[in-house]
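Let's take a walk through the aromatic residues of this model and then look at one of its helices. Have the structure open as you read.

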Amino acid sequence: MFSNDKYNQKSGDNSTNIQAERLEYTGLSYKDAKDIALDVFEDNFYRLSETANETAKNRAVEIVETYLNELKKEDIKALNQIQNPDVQYNLYNIQMAYARSGDKDLGDLLVELLVDRTKTDSRNLKQISLNEAITVLPKIDKRQIDLLTIMFVINQITFKTITSKEMLSKLFSEYIDAFLPLEIPTENHFLHLQYANCIIVGGASVSLYKVFSSKFRGFFQNGIELSEFSSKTKSLTNEQKKELFVKCLNDDARYQINALNKQELEEKFTKLGVSKQTSNELNAFFESNNMDESTFYQTIKKKYTDFTRLDELWSSTLATYSVLTPVGKTIAHANLKQNSNFNADLKIWLD
């Protein structure tokens, strides 16, 4: 976890070079797909006044072009799915929602969802959740979408590549700060999200201390003195010691376990062949060496200036009692992809 080593990969003398051949795409053309999409809209959208009708048509064309261009970039073969009745139904829904609102942020997020839905050709929980999210999204506002995103980041994502406090601070800035509301949301925002089938309110309260000190435990260790370090590592080989212990991140006169969280530590035990007895002892130490709540808050506020705002949001609203539904996860996932460099497959959180 906490290492400055760099690795380079090189091919050897006996490596095999594989030449890829580009194949021409012979499926549905962009123009055909666009014509089908606009025909669906024309055939179904109710008639409006001449001015309103022209505005609606222009918006429908705009969102179709955005959708098709994004789909071509990600998977050109998926253009054939435009002929799928279920995809057409969802396409009509996003055309209608965008034609009515003209909200660019809403349109972009609907396109994100529909592109993912178009590429998902198996009927499974991911496809069903994407279908439902496309229907639900126009019924909630940006603040509520951002709330779902914050809950998703805090409760659902484990960031395995964080190796320094600077990276942790950057993570908060990119994945949380961008979605923090200027005003603390009222109870009605959460009740509406529950009505829209995005959250279930009524779970056990989980503090930020409990979440972060578990997920990022390696950053919040008190460490041990050199004498205690020797007693903790006497059953380990030199290689195991080197992998499992480092100077304490919060006090360089001490040592701590070299793992981001319990899951990473268990993986290291397996990789290094650490005995069950020693693993249990080190796990217990990793658990007990955690900072107390007061010290945790003092430490994290030094690195993350907006933590007070986040803590206020979390501790004074129904966020701490809310559980995301598959639809809520789907909307939050799409919003995170749309507004950061996050690009993991939604399937990870729905399986």
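F212 is buried, at a relative accessible area of 2%, where buried means under 20% relative accessible area and exposed means over 50%, with partly exposed in between (1.4 Å probe, protein chains only). F216 also counts as buried, with 2% relative accessibility. Keep in mind that this is a predicted model, in which local features need pLDDT of at least 70 and side-chain atom pairs count only at pLDDT 80 or more, while totals for chains, interfaces and linings use all residues. Residues are numbered from 1 along each chain as its sequence is written, and side-chain values use heavy atoms, with hydrogens and water left out.

The structure has 17 aromatic pairs; rings of Phe, Tyr and Trp (its six-membered ring) pair if their centres lie within 6.5 Å, and planes under 30 degrees apart count as stacked, over 60 as edge-to-face and the rest as tilted. Two of these pairs are set out here.

| Pair | Centre distance | Plane angle | Class |
|---|---|---|---|
| F212 and F216 | 6.0 Å | 45° | tilted |
| F229 and Y255 | 4.2 Å | 15° | stacked |

Helices (H or I, at least four residues) and strands (E, at least two) are DSSP runs, numbered from the N terminus. F229 is buried, with a relative accessible area of 13%. As for F212 and F216, they belong to one aromatic cluster that also takes in F172, Y209, F220, F296, Y297, Y304 and F307.

Now for helix α13, which runs over residues 276-288. Its 13 residues reach 18 Å from first C-alpha to last, close to the 18 Å expected at 1.5 Å a residue (the expected span being 1.5 Å times one less than the number of residues). Which residues of α13 are buried? They are T278, S279, L282, N283, F285 and F286. These cover an arc of only 165° around the axis, so they lie on the same side of α13; the arc is that of the directions from the helix axis to the C-beta atoms. K276, Q277 and S288 are exposed on the other side of α13.

The cover over the buried residues of α13 includes α10, α11, β2, β3 and α12, with contact meaning heavy atoms within 4.5 Å.
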